[in-house]
Amino acid sequence: MKKRYRAYGVLCMAMLWMFSAAACGKGSVEGNTQPTQAAEGNEEPTQAAEGDEGNVQPTQSMEGNEGNAQPTQSAESDGMSDPSTLQKVELDENTVKLLGRTQKLLDKNLLCAYSGSGAEFDFTGRHLEIELVGDASAREGNEQNCTRVAIYVDDERVQDLMLTKRLNTVTLVDGEEMVHVRVRIVKLSETAQSVFAIRPIEIRGDESIVPAPKKTHTIEFIGDSITCGYGVDDEEASHHFSTETEDATKAYAYQTAQLLDADYSLVSISGYGIISGYTDNPDEKADEQVMGKYYGKLGNSYSGYNNSILPQQIAWDFSRFVPEVIVINLGTNDASYCGQDAAKQQEYVDGYVAFLKQVRGNNPDAVIVCTLGLMGQDLCEAMDRAVEAYIQESGDGKVHSVWLPVQDASLGIAADWHPTEANHARAAQTLAGAIREIMGWEETGD
């Protein structure tokens with residue numbers, strides 16, 4: 001039998017209408033077109049990034065990725081101790097820990113689209129330089145829509161970059177003495193506006209790169225702008241969308257993964273829902289903005305890498321990241337369409353059941369946790385009904401529902417009435433606690 005966890009937030013009634021009116025994702029596409037599927041047979045020839053050779057089509061996924069670039073070996077193990085010897089390390093499952101959904105292309109660059117995607121590795125050496133390749137959005141004056149990336153060294157954020165240039169070079173280590181550091185490259189902004197790629201890393205013969213250790217657990221989050229960290233760096237409710245103020249690492253999903261000592265994958269797009277994305281007119285359903293269309297893709301963006309490669313053209317290989325837990329946080333945008341209409345809410349229930357079947361089909365062993373409520377609890381009961389209906393129809397008892405506390409205005413309100421970092425942290429504590437109880441996981445003490 002499904003367990004239900006509810007956590008009710010205290011919020012004055014005068015604020016509730018504002019939260020529901022400013023549904024998740026509002027403002028995220030103002031002045032922009034929605035990401036669309038590329039028309040078959042209408043793709044421009046791909047252009048290689050500066051200094052790259054060959055085209056940029058995705059590499060074929062291989063079971064276990066055998067046959068890809070091998071991990072770099074230290075000088076002691078392979079005899080390459082000559083500092084004058086140079087080698088390029090291609091970033092893949094063998095050489096680094098991949099964060100979220102990524103894809104190595106035939107130009108050897110690692111493409112990152114969804115929020116939180118990137119790579120983490122341990123570097124031993126004297127000089128480390130990272131090259132990040134922007135997409136079509138990478139141009140001066142486009143800070144509100146280009147990619148935002150953070151780079152950490154030993155868990156300290158040392159770079160926070162808006163990729164307004166095609167090629168962005170960052171030096172992280174430069175000295176005469178050997179150092180041992182852990183490097184993490186994380187996409188802070190979401191897939192819809194922009195994507196980016198990480199080039200192979202050049203190291204010397206006496207240096208090495210190895211994957212960062214795996215964490216205790218694995219967890220996937222499927223969501224909307226709340227999961228993306230929309231506006232979290234802009235605590236002014238009247239302001240609108242900008243990739244410059246998005247930071248997925250400050251959102252509840254990333255924080256929940258940290259609390260649970262879990263490697264994560266975020267599959268989220270602002271303004272998206274189960275049956276409808278955000279709409280200003282409840283008589284007009286935004287049925288193109290639904291996560292079911294893109295759950296099986298690397299991402300969904302209208303800004304192409306090298307002007308032609310779109311993440312929605314690349315199918316995701318679900319064997320590459322197998323989550324123990326999947327969290328679905330969808331419904332805040334659907335509420336702008338459904339309102340209090342019983343028939344529309346039932347449509348949401350039916351659509352949710354269908355989406356649960358899609359998620360289960362790709363993840364046969366995961367526990368699924370359905371959650372909602374941070375920006376309003378209007379559809380929480382409908383979510384519960386969907387979970388109950390799915391369990392009764394399928395007999396699948398590994399599905400649960402969790403109500404999140406409505407954001408507390410005393411902790412601030414971010415752009416377009418989105419949660420602040422403090423409200424995200426509050427939600428993360430609730431969700432992490434519920435997952436620990438469901439899974440029987442011990443608290444890590446983080």
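Author: The questions below concern the cores and ring pairs of this predicted model.

Reader: How many residues does the largest nonpolar core have?
Author: Residues with the most contacts inside this core include Ile222, Met291 and Phe355. Among the elements that give it two or more residues are helix H6 (342–362) and strand S15 (325–329). A second, separate core has 34 residues, including Trp441. The largest nonpolar core has 51 residues.

Reader: Which aromatic cluster do Tyr295 and Phe318 form, and with what residue?
Author: Tyr295 and Phe318 are both buried. Phe355 touches Tyr295, along with residues including Ile274 and Leu330. The residue that forms one aromatic cluster with Tyr295 and Phe318 is Phe355.

Reader: Is the pair of Tyr272 and Tyr294 stacked, tilted or edge-to-face?
Author: A search of the whole structure finds seven aromatic pairs. For Tyr272 and Tyr294, the ring centres are 6.2 Å apart. Planes over 60 degrees apart count as edge-to-face. The planes of Tyr272 and Tyr294 are at 65°, so the pair is edge-to-face.

Reader: How many residues apart in sequence are the parts that this pair of Tyr272 and Tyr294 ties together?
Author: Both Tyr272 and Tyr294 are buried. Tyr272 lies in the loop between strand S14 (262–268) and S15, and Tyr294 lies in the loop between S14 and S15. The pair therefore ties together parts whose separation in sequence is 22 residues.

Reader: Over the face of which ring does Arg184 lie?
Author: Arg166 lies over the face of Tyr305, at 5.8 Å from the ring centre. For Arg184, the distance from the ring centre is 4.3 Å, and the ring is that of Tyr152.

Terms used. Residues numbered from 1 in each chain as written. Predicted model: local features only at pLDDT ≥ 70, side-chain atom pairs only at ≥ 80, totals over all residues. Heavy atoms only, no water. Core = buried A, V, L, I, M, F, W, Y, C linked by side-chain atoms within 4.5 Å. Buried < 20%, exposed > 50% of the residue type's maximum accessible area, 1.4 Å probe, protein only. Helix = DSSP H or I, 4+ residues; strand = E, 2+ residues; numbered from the N terminus. Contact = heavy atoms within 4.5 Å. Phe/Tyr/Trp six-rings, centres within 6.5 Å; stacked < 30°, edge-to-face > 60°. Lys NZ or Arg CZ within 6 Å of the ring centre and 35° of its normal. Lists of a residue's contacts leave out its neighbours within four places in sequence.
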